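This report examines how two protein chains meet in a predicted model. The sequence and structure are shown first.

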Amino acid sequence: MIKKHWYKITAVLLILYTLVWGLLNRVPRLDILNETIRNVYYHVPIWFAMLFMMTVSMIHSIQSLSKNSVKHDTKAYNAAVVGFFFSIPGLTTGSFWAKYTWGTWWTFQDPKLNGVAISILIYLAYFILRASIDDELKKARIAAVYNIFAYVMMNVFIMILPRLTDSLHPGNGGNPAFSKYDLNDAMRFVFYPAVIGWVLMSYWLFQIKNRISELNELYHE
Amino acid sequence: MNRNIAIVLLSLIGFMAKAQEGPQMADTFRENGKIYVVISVIAIIFLALVVFLVYLERKLNKLEKQFKNKSH
């Protein structure tokens, strides 16, 4: 039982630890940010989970193409759905945090915000494209090709472009992310477990989604 | 609704910590000890979600078993 569920237990314990200790530990006293610096423990790991799921999705799309398998395409779709699900609270919490620190809900000057918005639209297009094709094999092939393209575009928009121009996000505009100026050691002890916890949690949701699709297939056979 | 609650909470924090030197932090909020109440509430909500996930998984287990029995 432990063998099969270890990652779920780890996810829950890690997230629980970050929820409790993330509010109790000492954080650097900084102007403007004040206590909102703790959002690093909650807002950022959500995005890591989203990126992880999109990577899983892309890998399944490649496997779907190389093995000509519809099953891998279903998994790629499921991973993208879970990733998409994480991007919504990521965007909302980011907007809320920005209101109290940058003074606005949304700024078009920050390339990361716009990049995320474009990426979300790219993945919305993926869902629509995939839903619009009836033929099973054709659907799997076209969806897989588009999904690999979508993954590359997302990385250009949220990982590369923000580093080339000025950004309000730390670790962008030429700086390496999470340098000693952005995170101190005490914060690392909460931040890294939070990232691992949420990544594992996203994988759990992905597995549940997969099992539902398998049941669906069995039912329609 | 949630946003309103958050705004009220945030303004309370600011009000209570206004006499601080240097950058304002939620020092009074923490001194009162009541922060544990908030943390407990967050933890309970999270655990409730996990319990629901486990419940969903059990339901899936059941369905999977039913399907396997039928196909044999």
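## A buried arginine

A:Arg211 has a relative accessibility of 14% and therefore counts as buried, the term meaning under 20% relative accessible area, with exposed meaning over 50% and partly exposed in between (1.4 Å probe, protein chains only). B:Glu64 is buried as well, at 17% relative accessibility. The side chains of these two residues form a salt bridge with an N to O distance of 3.0 Å; a salt bridge is defined as a side-chain nitrogen of Lys or Arg within 4 Å of a carboxyl oxygen of Asp or Glu. Because B:Glu64 belongs to helix H3 of chain B and A:Arg211 to helix H6 of chain A, this pair joins two chains.

## Basis of the model

The model is predicted: local features need pLDDT of at least 70, side-chain atom pairs count only at pLDDT 80 or more, and totals for chains, interfaces and linings use all residues. Residues are numbered from 1 along each chain as its sequence is written, chains are lettered from A and ligands numbered from 1 in the order in which they are written, and side-chain values use heavy atoms, with hydrogens and water left out.

B:Glu57 in turn pairs with A:Lys8, their closest N and O atoms being 2.9 Å apart. A:Lys8 lies in helix H1 (residues 2-24) of chain A and B:Glu57 in helix H3 of chain B, so this pair too joins two chains. Both A:Lys8 and B:Glu57 are buried.

Between chain B and chain A the count is 3 salt bridges, and over all chains it is 5.

## The interface as a whole

In total, 27 residues of chain B are in contact (heavy atoms within 4.5 Å) with 29 residues of chain A. The buried area, the accessible area (1.4 Å probe) lost by the two parts on being put together and summed over both, is about 2,700 Å², with carbon and sulfur atoms giving 74%. B:Met25, B:Phe46 and B:Glu57 supply 24% of the area that chain B buries against chain A, more than any other three residues.

## Chain B

The secondary structure of chain B comprises 3 helices and 0 strands, helices (H or I, at least four residues) and strands (E, at least two) being DSSP runs numbered from the N terminus. Of its 72 residues, 19% count as buried.
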